[in-house]
Each structure stands twice: as C-alpha cells, then as structure tokens.
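Please look through the sequence and the model below before reading on. The briefing that follows moves from whole chains to single residues.

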Amino acid sequence: MESLNKSIITTNLDKMLNWARSNSIWPLTFGTSCCAIEMMMATGSSHYDLARFGSEVVRVSPRQADVLIVAGTIVKRMVKPLKMLFNQMMEPKYVIATGSCTISGGPFIYNSYTTIRGVDKVIPVDVYVPGCPPRPEALFWGILVLQKMIKKNSLIKSTNNKKPVLAALPEGIMLEEIHDEMKKVLMNKKYL
Amino acid sequence: MNKMTASIEKIYNKYQKFIVENVISKKELRINSENLIDFMYFMRNDSDLKYDILCDHTVVDWVNNNSFDLVYNLYSTEYKNYIIISTTIPRNKPIINTVSGIWRIAEWQEREAYDFFGVLYTDHKDLRRLFLEDDWIGFPLRKDYKDNFMLEM
Amino acid sequence: MAIHLRTLNEVLHSSNKKKTWGTKEYFINMGPQHPSTHGVLRFVLRLEGEVVKEIIPVLGYIHRGIEKIGESVSYRNFVHLTDRCDYLSSIINNWGVSKVVENAMQIETNERIETIRTIFAEIQRLQSHTLWWGVFAMDLGAFTPFLYGFRDREFLTSIVEDTCGSRLTMNYIQPGGVMYDIKPDFSTKIKNYIRYLRPRIDEYEQLVSNNIIIQKRTENVGILSKDDACSYGTTGPVLRASGVPLDLRKDHPYGMYGKVDFSVAVGSVGDCWDRYWVRIEEMRQSLNIIEQLIDNIPPGKHMVMKHTAKIKLPIGYHYDQVETARGILGVFVASDGKDSPYRIHLRSPNFNNLWSITKMAAGLKISDLVAIFSTLDIVMPDVDR
Amino acid sequence: MTTYHIENFANIINNSYQTNIFTIFAYVLLIFIGILAYITLVALTLIYVERKVCAAIQCRIGPNRTGWWGLLQPVADAIKLVLKEKNSPLYCDKLLHFIAPMFCLGACLSSLLIIPFSHNIQVINLNVGILYWSAVSSLGILGILIAGWSSYNKWSLLGAIRSASQMLSYELSIILSIMVIVIYAGTLDVQKIVLSQLDGWWIFKGHIVTVISFLIFFVASVAELNRTPFDLPEGESELGAGFHTEYSGIQFGFFFLAEYINVFITSAIIVTLFLGGWLPFHLYGMLSFNNAMNGIHPIIWFFLKVSLIIFIIVWIRWTLPRLRIDQLIYLEWKFLLPLGLVNIVLSAISVLYSFHF
C-alpha cells in the first residue's frame with residue numbers, strides 16, 4: 001500500500017478530490033451568543049459573501065453539514081447537545097472555533113460556575129479564529145486556512161493527526177486589504 | 001421620614017396602620033413579610049395607585065445578618081411612576097407567599113429567585129429550576145456557595 | 001400553603017393526558033440548535049398534529065452567571081459584561097449601568113456627553129431594528145430581506161466602528177462620559193446615512209409590509225391584550241403594540257430625549273402586525289431624533305471623570321431604568337460601600353417579553369409560533385444572562 | 001407556412017430495421033446513457049443558475065472562486081457529496097431509507113421520456129403523452145413520504161405529511177388545467193399538441209380561458225415542486241431540513257438533483273402546452289420576420305422558452321415568503337379547484353362554438 005501512495009494516479013486523484021472537498025464546505029448554523037451575529041454577517045450578508053468560497057448553502061441539519069462553526073460561549077448545559085450535534089455530523093467533518101469565548105472562555109473565565117473554558121475540552125477543533133467578536137474577514141481567513149488544511153492532507157492515506165492551526169491575522173498584510181481608512185488612520189498619528 | 005413622594009404619601013396614609021414597616025428613601029418602602037400578599041393586592045387594584053406592571057423581582061443575600069431581602073419593583077402605566085418594595089425573610093427558613101396570582105410574570109421571576117437563592121414560594125404553580133439543570137446541587141448566587149469549577153480572580 | 005417542587009420530567013408526564021380517540025398528542029423538541037429560536041432556546045412543544053397545544057420553554061443553554069461575575073468585578077468592568085448580554089443594544093446597556101452609577105454618586109455630565117450618548121443610543125436602536133426586520137422576514141420564509149437588512153446595517157456598523165473601535169461589543173459609554181470623542185467627519189457620515197436609509201425604509205415597506213402573504217400570516221395572529229401585556233410584564237415595542245404607550249424616553253426623559261420632539265408609535269390590537277408596524281415606525285422616529293441632534297453637538301470634554309478614579313456607590317439599594325431596543329433594562333445595585341457591587345441584578349427586557357408566548361401561541365400552528373416568536377425579537381444571552 | 005414532416009427516433013428504427021433483440025437493447029442502452037449525461041448537465045447548470053440569480057437578487061457576487069466565474073462550483077458540490085459518509089440512523093427502516101431517494105429520482109427521470117425537444121428529437125412519442133406525464137410525476141410524492149416516515153425523526157415525518165397533503169391537492173388543479181389544453185388541441189399526444197399551435201400559441205389563441213389555465217398550471221406546478229411560496233416540507237425556519245433531515249451524502253444529492261430536474265421538466269411541460277413547444281416565434285402576417293425566425297433550429301427555441309420559465313420560478317423563490325399550511329390548502333380547494341372547473345366548462349363552450357381562432 002505504501003508504494004501506491006506515491007504513484008501519479010493517487011496523487012492526482014487526491015488533488016482532485018481535495019479540490020472538490022475544500023471548495024464546497026457547507027457550514028452548520030450553530031451560534032450561541034454575540035459571535036453568532038458576526039457569523040451571520042459573514043455567511044449571510046452582501047458585504048462579506050461566504051458564497052464566493054463555495055459555502056453558500058447553510059445547512060440546518062448536521063447530517064448534510066461539513067464544518068461546525070462554533071460561535072459563542074459554551075456552558076455546562078450546552079455540552080450534551082453540542083456533543084450530540086458533533087457526533088451526528090458525517091465524516092469528513094471539521095470544527096472552526098470562532099471568538100475568544102469558544103477558544104478559552106473569554107470574559108467569563110473567572111467566577112463563572114457554568115462556562116466551559118474553551119470548546120476543545122468538548123470536541124476536537126481544527127481551526128481557531130481569535131477575536132471578540134472576530135471580524136467577518138477573520139472568519140474568512142479561518143475558512144481559507146481550513147481549505148489549505150484540507151488540500152494538504154491526502155485522502156487515500158487518511159492522516160488523522162489534525163494539528164490545530166491558530167488563524168490569527170498575520171501582521172500588516174490583511175490591514176491594507178480590509179479598509180483604506182484603516183491605513184489612513186495608521187498614517188497620521190493625530191487620532192491615536 | 002425624609003421628603004416622601006406623592007404615591008408613598010397615599011400608601012402611607014391608607015395602609016400604614018397595619019402594613020408598612022418604615023420608609024427608607026423617597027422611592028423605597030419596607031413592609032413585613034407576613035402581609036406581603038394583601039399589600040401587593042392593594043397596590044395593584046387600588047384606584048389611585050394601580051401598579052399594574054411587576055417590573056422586577058430580585059433577592060439580596062445578606063449573609064452577616066442572616067437574612068434574604070426580597071425586592072419587588074412595581075411600575076404603574078397610568079400614573080407613570082415606579083416604587084421599590086422590599087421585605088426580609090430569615091435565611092434558614094426562606095418561605096414566602098407567591099405573588100404570581102396578581103402578576104403572571106411573577107411565576108417565572110420567582111422561579112429564577114428559587115433557582116439562584118433557594119427561596120421557596122407557597123402555592124406557586126410550577127416551582128422548579130429555571131436556568132440550571134434539575135439535579136444541580138446548591139444555589140449559586142448565595143454568598144457562601146462553594147464550587148471548584150469556579151476559578152477565583 | 002403547600003410548597004411543591006417539580007422537575008421538567010414531572011411536568012412533561014403530568015400534562016400528557018391519555019386520549020382514547022382522535023390524534024394522540026406527542027412531544028417535540030424545538031431544540032437548542034434551531035434556525036428560528038434566535039440563539040439557544042429550547043421549546044418543548046406538545047403537538048396534536050400541526051396544532052401546538054402547550055409550550056414549555058427550557059432555558060439555561062447560554063447562562064454564564066453574569067450576575068455572579070458582577071459581584072467580584074468593579075463597576076467600570078461590569079459595563080463590558082452588559083455588552084455581551086443583549087449584544088444588539090449594547091451601547092444602551094452600557095448607558096443603563098453608567099446611569100445608575102452617575103445618579104447614585106451625583107456625577108454631573110455636560111451637554112456634549114448627553115447628545116453623543118443619545119445619538120449613539122438611537123444608532124444602536126436602528127442597527128437592532130434593521131437586523132430584526134431581516135430575521136423577521138426570514139422566519140416567515142422570505143430569504144432576501146435578511147440580506148437587505150444586513151446590508152443597511154453594515155454601513156452603520158462601520159460608522160460606529162470608526163468611533164468606538166469595535167463592531168458589536170462597543171462598551172463605549174462609561175460612568176462619567178464616553179470613551180473616545182467623535183471624529184470630525186462623524187456628522188457628515190451620519191447625515192449621508194440618514195439620506196440613504198430613509199428611502200430604504202419605504203423600500204422595506206414595499207417589499208415586506210405590502211406583501212399579501214406577510215399580511216395574511218401576521219394579522220390577528222398571537223393577540224396580546226392590554227392587561228395581559230401588563231400582567232406578563234412585557235415592555236418596549238411588545239407592550240406598545242398592545243396599546244400601552246409606555247416609553248421611558250417620553251415618560252422619564254433622560255439624556256437629550258427631553259429636548260427632542262419625537263412621537264411614540266402605539267399599536268391597537270396587539271397582534272404580530274402591530275408589533276411589526278411599531279418597530280418600523282420606531283426606525284423612522286430614530287432617524288428624526290438623530291437628525292435633530294446631529295447638527296448642534298455642543299463642544300466640551302467627552303469624559304468628566306478620570307479613568308483611574310475609584311467608583312464606590314453609597315450603601316443601600318440603587319435602581320435605574322433605560323429604554324433599549326427591546327424594552328426597559330433596569331439595573332438594580334445593592335451596594336455595601338466597596339468598589340464592587342454587593343449584588344447587581346439586570347432587569348432584562350427579553351426575559352420578561354419571552355413568557356408571553358406561552359399564552360399567545362397556545363392553540364395555533366407551528367408556523368404561527370415561529371412568526372409570533374420572531375415578532376417578540378428575543379435575544380437569548382439577555383434572557384439567560 | 002413551413003410544414004414539418006413528423007419523424008422521430010422510434011419510427012426511424014422501427015421501419016428500417018427488423019426489431020431483433022440486440023438493436024432494441026442497444027437503443028435502450030443508448031437512451032440510458034443519453035438521459036444520464038443529459039440529467040447531470042441540466043441539474044448542474046440549474047444549480048449554478050439558481051445560485052447566481054439568487055446572488056444577483058441579493059446584490060452579492062455568488063460563487064466565483066472555483067473555475068471561471070464559479071462554473072465548477074456545482075461539480076465540486078457533487079463530488080463532495082459523493083465522498084460524504086452515508087448515514088443510516090439506528091432505528092430507521094434500512095431498506096425504505098435507502099429506496100426513498102430512488103423513488104424521487106426515478107419519478108422525474110421517467111417523465112423525461114415524453115418531452116418534445118424538437119420535431120425529431122424525442123425519446124418516444126406515446127400517443128397518451130400528457131396522461132403518462134401526470135401519472136408518473138405523482139410518484140414523487142411516494143418518495144417524499146417514504147423518506148419522511150423511514151428516517152425515524154419527528155421533524156421529517158411532519159415535513160413529509162405536509163408535503164403529501166400539499167402535492168396531492170395541487171395535483172388536481174394541474175390535471176384540470178391540462179384538460180383545458182387537451183380539449184382545445186383535441187389530442188393527448190404531445191407532438192400533436194405542439195403542432196396544433198402552428199398558427200398561434202395556445203396562450204394567445206385561446207383568449208382568456210387558456211390564460212387562466214396557464215396561471216393555474218404555473219401556481220400549481222410551483223406548489224408541486226415544493227418551492228417558495230409553497231416550500232413548507234423543508235421550510236428552513238420551521239421544520240429545519242424537513243423530510244431530508246436524516247439524509248447525507250449522495251442520498252441528499254439525489255433529493256437535490258430530483259428537485260432541480262423537476263423544475264426543468266415542469267417548465268418544459270408548461271412550454272409545450274402553452275407556449276408552443278419548439279415552434280419558432282411568428283408574428284401574424286409579417287412573412288420576412290417569420291422566415292428569419294425559422295432559421296433558428298427548433299431546439300434552441302425550446303431551450304429559450306424553458307429558460308424563461310425557469311428564471312421566473314427561481315425569481316419567485318427569492319422574493320416571496322412562505323404560506324401557512326392551512327392557507328395553502330385553502331388556496332387550492334377553495335380557489336384554484338372551482339376556478340379550474342369553471343375554466344373547463346368555458347373551454348368546452350368555446351370549442352363547441354369555436355370562439356378560438
């Protein structure tokens with residue numbers, strides 16, 4: 001089986017299947033608190049259109065969804081439904097944790113008797129998108145990173161060592177693209 | 001008694017003799033817990049009081065003098081003023097009569113008070129936990145609530 | 001004088017009456033993850049065929065214990081938590097907490113702060129209503145208004161982001177003033193936006209209000225009579241739609257609301273259509289208010305207190321109310337003189353508006369339940385706190 | 001007036017070769033491959049068209065990252081759906097759960113046979129074409145019912161019962177409006193119906209009667225396709241994903257495919273019945289204009305008209321909200337059905353006294 005992986009047929013087949021799988025990721029609507037609004041902005045608004053990247057069909061039932069975008073704080077009572085939802089999703093499935101509440105509990109870490117400090121204690125997470133709430137562009141960056149991850153690992157030899165990637169905004173690059181005013185603000189120091 | 005507003009004056013003259021304990025500030029009134037229910041009945045149905053919205057019902061846990069403070073906040077849409085009614089009940093025997101017969105919203109505000117503080121309401125239609133699981137041990141918002149899940153600052 | 005504690009299973013078994021003939025009733029779980037429950041609210045519906053016999057809302061799926069956290073956090077930090085409660089009227093929530101602190105400690109804010117606060121409160125109301133209009137139409141099946149609502153909201157969000165620095169959780173109004181001063185081009189941007197949004201609202205009316213299907217699905221559906229609305233403790237657009245003209249901005253004017261003339265939209269029947277119409281009317285009133293204030297923002301300092309000044313409220317109970325996009329937000333503080341409140345309680349408008357659905361939607365169909373629930377405009381983290 | 005010589009595959013093969021088993025087997029194989037290729041082509045283009053039109057209505061861009069202008073987006077969706085894990089819930093009825101998508105797809109595939117693309121491009125020309133179509137297209141209800149019942153999920157059962165009641169009742173008004181055209185054309189054979197519109201399309205020739213039956217047919221077919229404003233079975237905001245909640249992977253793909261092929265077939269039937277199938281667009285008395293129109297091959301005419309109807313159906317989907325279940329049934333039984341019956345009586349009278357020109 002080892003020699004088969006390197007041959008031209010499987011690598012090209014891998015490339016084609018990965019291309020198909022990465023270009024049509026269908027998200028599952030799962031928003032609990034404020035990050036849900038930013039997720040709705042990203043998937044369902046004309047300014048930031050997630051349909052360009054092929055994930056226009058926002059499915060409601062976990063059976064047809066590929067990626068579970070966890071947006072919002074997860075509390076003790078929500079653990080059982082979240083686990084059930086994750087198990088109901090069909091392989092191959094991915095999880096994007098958006099927002100600092102999902103990554104680490106956010107502003108509710110201290111003195112809270114219910115918030116779960118980070119969703120990776122409940123379900124395995126593939127991509128973390130920091131921010132409170134993260135901008136829709138940050139969510140796109142998370143999805144693009146997920147697409148690169150899908151393209152990287154090969155289908156035939158299924159690698160299940162999914163290393164979670166921190167999708168923080170790299171310094172300087174995205175700022176220019178997001179808004180020109182942002183650049184203007186950086187230029188003249190008067191407002192800072 | 002500092003400067004009393006018109007509505008408190010009306011209450012004070014009409015029902016002072018057998019209900020009102022004392023008047024704390026121009027917006028606040030303290031009554032004893034036995035005759036809470038008929039005082040609230042008067043507040044709602046009296047012609048020139050007409051407090052028809054129970055805006056808010058909270059509980060304050062005074063640990064050091066071992067008592068719960070029940071705070072009712074009423075608003076009258078006709079005379080457009082609100083008033084705070086508070087009463088105290090002992091911490092070891094937190095039982096009081098429900099007001100859900102007068103205002104329907106009280107049913108769920110009292111369920112929240114039971115869920116967080118363990119205050120029991122007599123002849124309440126559906127007294128059970130509101131936010132937490134049914135098998136949750138302890139009442140979280142009490143000052144002496146210990147939970148190793150909570151990280152201290 | 002009987003105290004009878006019950007659990008959810010008891011409630012479900014007790015209401016499952018044995019029926020020999022006819023269709024057997026069954027329970028269905030409109031569970032925590034459902035597109036039309038605006039967050040994580042779980043309805044246990046007792047259905048007979050398509051007709052909803054009884055609704056049992058189950059909460060707690062986003063209960064983070066904000067009031068417990070509030071007891072160990074200073075007043076200035078608690079403002080951050082109120083953002084995450086009702087994230088669609090976050091600036092007005094901040095104003096609620098700041099108002100309690102300022103009244104308790106008799107802090108006098110100048111004219112400039114009050115106008116900026118009123119303008120941003122009205123902007124936040126517009127943001128919340130445009131989003132509500134989109135989600136309302138999507139719940140009734142039309143997907144496109146959802147996109148139009150978000151498009152108009154996006155322009156407003158970028159204007160707010162210029163001054164407050166964040167799109168959704170602003171924590172802009174602090175006790176003693178506002179965090180940053182407004183930019184010089186702020187009023188021109190707002191004026192352009194007002195010219196842009198006014199015809200848009202007429203377009204909304206055309207697309208959704210004049211649509212015969214929407215009218216058929218909302219008229220005389222989920223009627224909340226006047227004394228029912230008061231008895232169920234509903235406030236804001238839900239109460240005004242039932243005919244009770246209670247609006248804190250008019251009855252107890254705070255900020256610049258006393259010096260601005262605007263009308264309060266009051267419905268008559270109290271059905272879904274009135275609640276829809278009241279909010280559309282409120283959008284237009286918000287535009288009037290902003291228009292009257294935007295031209296004469298007086299000069300002055302934007303922050304009266306130093307950021308490092310310690311805030312200690314005098315001992316006793318303090319309570320103050322603010323009119324958010326969904327109703328009255330009351331902040332009740334029991335203070336024992338320390339710098340963090342002994343007990344802080346948020347009278348959340350969504351929590352009190354939610355329970356009237358158990359009365360309104362009993363006996364109607366599932367589609368009516370969805371329509372009524374989206375006219376109540378509930379934001380779940382504000383219910384669970 | 002150009003006369004078209006009626007000829008189609010079935011006749012060519014029957015009279016030229018003697019019918020031994022191999023030619024018939026080859027012919028069936030050829031048709032099978034032809035239909036499959038045709039289906040994937042039509043469904044994928046329809047998925048792409050729907051997404052782009054929806055994006056245009058909602059002033060956004062729509063898929064444009066995969067392939068040029070997003071053309072390969074449906075291909076990527078299809079491949080991904082094939083790769084997905086097949087789901088069979090624990091307590092579900094395994095066989096029925098597996099068969100349900102086949103029913104839906106089978107129903108619309110078999111109704112492709114009688115669609116007259118042009119005078120000689122038609123799989124088989126039954127002389128009871130329209131009757132066959134209305135019989136076969138009601139098989140789709142069976143597929144949805146089995147899907148809803150067998151996936152052991154209260155939500156999908158609710159969706160399935162809703163769709164069954166909706167499609168059954170709208171079947172009536174479809175048949176009533178077909179009968180109006182059959183009374184006018186005097187035949188059930190699809191080719192002859194098209195040819196009867198040589199001197200004028202039915203929608204113009206039959207005055208008010210056929211216009212009413214066109215509207216009834218259009219409304220009823222939108223309801224038959226479960227599309228807004230009648231998409232109650234899988235109303236996202238009420239029932240979640242309706243009857244295909246428990247389906248994933250290529251089984252969900254079959255439902256997706258069946259929906260879009262049904263859209264194509266119903267618009268094809270609308271075109272053949274009311275808008276003169278593959279006949280070119282003629283204006284009365286302008287000979288030079290008519291001759292110019294004949295230059296374009298009939299199949300192009302057919303696809304132009306079909307795409308017009310499809311655009312209207314997609315346009316309706318993204319503008320109108322959803323009806324409630326009792327309003328839906330009220331609309332059919334209390335309004336469309338009586339209107340259809342009256343319409344038939346009017347058409348009979350107008351044929352008797354030949355009001356139509």
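Helices (H or I, at least four residues) and strands (E, at least two) are DSSP runs, and they are numbered from the N terminus. This is a predicted model, in which local features need pLDDT of at least 70 and side-chain atom pairs count only at pLDDT 80 or more, whereas totals for chains, interfaces and linings use all residues. Residues are numbered from 1 along each chain as its sequence is written, while chains are lettered from A and ligands numbered from 1 in the order in which they are written.

**How the chains meet**

- Two residues are in contact if their C-beta atoms, placed from the backbone, lie within 7 Å, and of the 5 pairs of chains in contact, chains A and C share the most contacts.
- Chain B and chain D, by contrast, do not touch, and their nearest C-alpha atoms are 25 Å apart.
- Where chains A and C meet, 31 residues of chain A and 28 residues of chain C take part.
- On the side of chain A that touches chain C, the elements giving two or more residues are α3 (34–44) and α4 (79–88) of chain A, and α3(A) gives the most, with 6 residues.
- That side of chain A divides into 16 nonpolar, 12 polar and 3 charged residues, where Ala, Val, Leu, Ile, Met, Phe, Trp, Tyr, Cys and Pro count as nonpolar, Asp, Glu, Lys and Arg as charged, and the others, Gly among them, as polar.
- The contact between chains B and C takes 31 residues from chain B and 35 residues from chain C.
- On the side of chain B that touches chain C, at least two residues each come from β3 (53–62), β4 (67–76) and β7 (120–122) of chain B, with β3(B) giving the most, 6 residues.
- By class, this side of chain B holds 18 nonpolar, 4 polar and 9 charged residues.

**Chain B as a whole**

- Chain B has 3 helices and 7 strands, which follow the pattern α-β-β-α-β-β-β-β-α-β when read along the sequence.
- The radius of gyration of chain B is 17 Å, which agrees with the value near 15 Å that a compact globule of 153 residues would have; the radius is taken over C-alpha atoms, and the globule rule is 2.2 Å times the number of residues to the power 0.38.
- Taken along the principal axes, the C-alpha atoms of chain B fill a box of roughly 50 × 30 × 25 Å.
- A residue is buried if 20 or more other C-beta atoms lie within 10 Å of its own, exposed if 12 or fewer, and partly exposed in between, with C-beta atoms placed from the backbone; of the 153 residues of chain B, 42% count as buried.
- Among the contacts in chain B with a separation of 6 or more, 45% are between residues 24 or more positions apart.

- The domain assignment of chain C gives domain 1 (8–58) and domain 2 (66–350), with bounds that come from an automatic or database domain assignment.
- The centres of domain 1 and domain 2 of chain C, taken over C-alpha atoms, are separated by 34 Å.
- In soluble globular proteins, nonpolar side chains tend to be buried together.
- A nonpolar core is a set of buried Ala, Val, Leu, Ile, Met, Phe, Trp, Tyr and Cys residues joined through C-beta atoms within 7 Å, and the largest one here has 198 residues, with A:L68, A:I96, A:A97, B:L74 and C:I372 having the most contacts inside it.
- Helix α5 (residues 111–139) of chain C supplies the largest share of this core, 14 residues, and at least three residues come from each of domain 1 (8–58) and domain 2 (66–350) of chain C.
- Apart from this core lies another, of 86 residues, among them D:V42, D:L81, D:Y184 and D:F230.

**Local backbone features**

- The peptide bond from A:C132 to A:P133 is cis, with omega near -10 degrees, and A:P133 is placed in the loop between β4 (127–129) and α6 (136–152) of chain A.
- Another cis peptide bond joins D:T228 and D:P229, with omega about 0 degrees, and D:P229 is placed in the loop between α10 (207–224) and α11 (236–239) of chain D.
- C:Q106, a residue other than glycine, has a positive phi near 50 degrees; C:Q106 is found in the loop between α4 (90–105) and α5 of chain C and is exposed, because 7 other C-beta atoms lie within 10 Å.
- C:N171 is not a glycine either, yet has a positive phi of about 30 degrees; C:N171 is found in the loop between α6 (144–164) and β4 (173–174) of chain C and counts as buried, because 22 C-beta neighbours lie inside 10 Å.
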